[in-house]
Amino acid sequence: MHVANSVKETGTRAAKLTREQYLDLYYYMQLNRQLEDRMVRLFRQNKIVGGLYSSLGQEAVSVGTAYALEPKDWLAPMIRNIGALLVKGFKPRDIFTQHMAKYTSPTFGKDGTSHFGDLKVHHTISPISMLGDLIPVMTGVAMAGRYLGQNIVALTWIGDGGSSTGAFHEGLNFAASQRAPFVLIVENNQWAYSTPVARQVPVKNLADRAVAYGITSKITDGNDVVAVYTTTKEAVEECRAGHGPVLIEVKTHRMKGHAQHDPAEYVPKEMVEYWKARDPIARYEKFLTENKIWDAKTKSEIDTRIEALLDEDQKFAEESPLPPPELAEQGVYCDGCHTIEADWQRSKEELTPPNCSVDAVWEVKSFGSLDPDAAAEMKAAAQAKQPQQLQARPGNGAPPARAEKIAPPTPPKALSNPSAVKAAAEKTAAQEKDALETAAALRVPFGRGPKDRAFREERAQKEKSRRGKRGRR
Amino acid sequence: MAAITMLEGIRQAIFEEMDRDPAVVALGEDIGVYGGAFKVTEGLLARFGPERVIDAPISETAIVGAACGMGYLGLRPIVEMQFIDFIACCFNQVTNFAAKSHYRWGAPVPMVLRGPSGGGVHGGPFHSANPEMYFMHTPGLKIIYPSTAYDAKGLLKSAVRDNNPVLFFEHKYLYRRIKEEIPAEEYTVPIGKAVVRREGKDLTILSYAAMVHTSMEAAEMLAKEGIDAEVIDLRTLLPLDRDAILASVKKTNKLLIVHEDTRTGGIAGEIAALVCEGAFEDLDGPIARVTSLDTPVPYSPPLEERFLPNAEKVAAAARDLAKY
């Protein structure tokens, strides 16, 4: 089977970014690197309470992907996606204070590292240490966004290591079966702690996994921020148009150990050198210079701005207090301290009976035969025997169900982009053809089974008439 | 008002909550067209449509994970485990993701995870579980285990409106075996409140779910022998109604705990500790317990009968306790 991967060129021709946006990408990557550089120093001074996980060499992945999202979109970072948090609007002080377990941190010291989020403004979900769990969670975010009419996209990352978890597979399969507007970035940094990717996963590209879920996948150079951005932007637009989910494998390399304590002696020196020569920030600086997007003065201005911000936020974090001990006892339950309210962007009426009521039957599009002509046979069978339209039993005062079949989740909204409109039109035609075929398909009546009285009686009747015939012979 | 079964009470709660609030959605395996393995959700899809009633693949981790995500966007998902035994498949999503979310980063997960539990129906080792104690040990969860149709309906409605992840265990032995009249008008039952099912003065039998009925049966047997037992139905296991437990112990001075869950690490141990901390001086005898055996739930009827507590076993333990 052909894999729908398109290996993206590492060039930047496809990107349509303004000068400010090009400079933004640099700003966030450099901010990410300088922030982590300072945290390494703080770690050595024993000012970081727990572990410190470096994203050195992976800044283009975090920044390029998150930059492709709109503010209303949702993301959930992994431990090395600090750059994505910065793009989403969190401040360096949030990262400093989290690592230093300060009372001023977003979690008030209850959790560390990038384990924090914000539901109201930054639309960011906190990760947990168990890998893969965010995939079903972000699938739910994507489904809820669609349900509420928000036209959002949900995005998260998973490493080469995390792609072996059950949650990865269950989540991706659910997302795919729901056609959820969900982008999964498989951040292949070649190492799951100390185990190389070839010892974890027997496929050439992690993107090949997508075939198993019937979804689109892409592969891109994770050390080329523009390529990462462009590929993600495409995926986000596909999802927003209703063609999700999309899996993107980004090839990159973890330049440090699993965490600060790990010297990563298991990584061949040649491999480190190979990737060092492809450092995402050095490469991008060269690109900006060659394309005359900036000059030395601009670079120095941005670098100065970064230094000043980091000075201020590091000072803030270092001077912040640790949390009061009694805080440990608070906040296990939400006792009305948070108001839970959905942001409805469509009419609730559509989802209120009887408007949302349906005829509860499955559309069966295939009998599952190995016979290539099975579909044709199925249609013939359907035409020979007119489908029996059984109405769902009205339960608990439910009104009579409307004669309407269960449709797949909300259809896509067209994009203003002409090629996308054309694609959408083709898609619609295909859907209409599908619908025609479906109309001819047999329908399984609601609740039909061996325990159903009508079913039993019908079978008994058939049995009786068969015996009768035999008797006559 | 006609008498309804516990299953019907649960069904009504789901229908009413989904009618009340379009943010309430349902997810699970075979809950839509088929109406659920026990037909709890029968008619739900016809009334609320496929956007609100989602037939999911056999992926408990994906279902619970997605419900967490939906909760973050302000929906209130009701998740069905086809049998509660399968909650083991999503243990991580429940205990690490959902339960810790509010404490860690202030993000409530308004999710109800409900499903048929308990033995006595010859379901064997994988369709009879009482897994409440795996979750009792997880701060951040709430656990409800009702024994009547009235409570099941009222507590499930409270659970849907609660801002925390709530595990709602439905004893399948009780689904269609008990019936009672419930009010025509809307009502809820508060989470975290135990109830006295039978007033008594000689000893307290503390129980929940199907064992409340077993305990009541035992109490009637004991009454004929002149032992006046008080029966308390916990209804909510987490948070435990500490005050109700201590008040009854202070009144009767003797405590027998009955649960269908296995013995070691069962809730009886926790309650015994709680009573020792709060009412040791009031005790006139040792805290006793009647529980299932420390084995998996066996399949064959004589084996399961041996495994489970029954009224005779409860009465025998109560008689011993009453002698003090």
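How many residues of domain 1 of chain B are in contact with domain 2 of chain B, and how many residues of domain 2 are involved?

Reply: This is a predicted model, in which local features need pLDDT of at least 70 and side-chain atom pairs count only at pLDDT 80 or more, while totals for chains, interfaces and linings use all residues. Residues are numbered from 1 along each chain as its sequence is written, and chains are lettered from A and ligands numbered from 1 in the order in which they are written.

Chain B is divided into domain 1 (3-181) and domain 2 (195-322), with bounds that come from an automatic or database domain assignment. In this pair, 25 residues of domain 1 of chain B are in contact with 22 residues of domain 2 of chain B; two residues are in contact if their C-beta atoms, placed from the backbone, lie within 7 Å. On the side of domain 1 of chain B that touches domain 2 of chain B, the elements giving two or more residues are α5 (132-136), β6, α6 (149-161) and β7 of chain B. Helices (H or I, at least four residues) and strands (E, at least two) are DSSP runs, numbered from the N terminus. That side of domain 1 has 13 nonpolar, 9 polar and 3 charged residues, where Ala, Val, Leu, Ile, Met, Phe, Trp, Tyr, Cys and Pro count as nonpolar, Asp, Glu, Lys and Arg as charged, and the others, Gly among them, as polar. The C-alpha centres of domain 1 of chain B and domain 2 of chain B lie 26 Å apart.

Two of these contributing elements, β6 and β7 of chain B, also belong to an open sheet of 7 strands with mixed pairing, in the order β3-β2-β4-β5-β7-β6-β12 (chain B). Strands pair if DSSP finds at least two bridges between them. At the edges stand β3 (53-55) and β12 (236-238) of chain B, each with a single partner strand, so one side of each has no neighbour in the sheet. The twist from one strand to the next averages 20 degrees; axes are lines fitted to C-alpha atoms, for helices over the stretch in contact, and angles run from 0 to 180 degrees between N-to-C directions. Strands β6 (residues 142-144) and β7 (residues 166-171) of chain B run parallel and are joined by 3 bridges, and I143(B) stands opposite L167(B) in β7(B).

A further open sheet of chain B has 5 strands in the order β9-β11-β10-β13-β14, again with mixed pairing. Its edges are β9 (195-198) and β14 (288-292) of chain B, and each has a single partner strand, so one side of each is left without a neighbour in the sheet. Neighbouring strands are turned by 25 degrees against each other on average, direction ignored. β9(B) pairs with strand β11 (residues 229-233) of chain B in the antiparallel sense over 3 bridges, with V195(B) opposite D233(B) in β11(B).

Two helices accompany this sheet. Helix α7 (residues 210-224) of chain B lies across β9, β10 (203-207), β11 and β13 (255-262) of chain B, and runs at about 170 degrees to β11(B). Helix α8 (residues 242-252) of chain B packs on the sheet and touches β10, β11 and β13 of chain B, its direction making about 155 degrees with that of β10(B).
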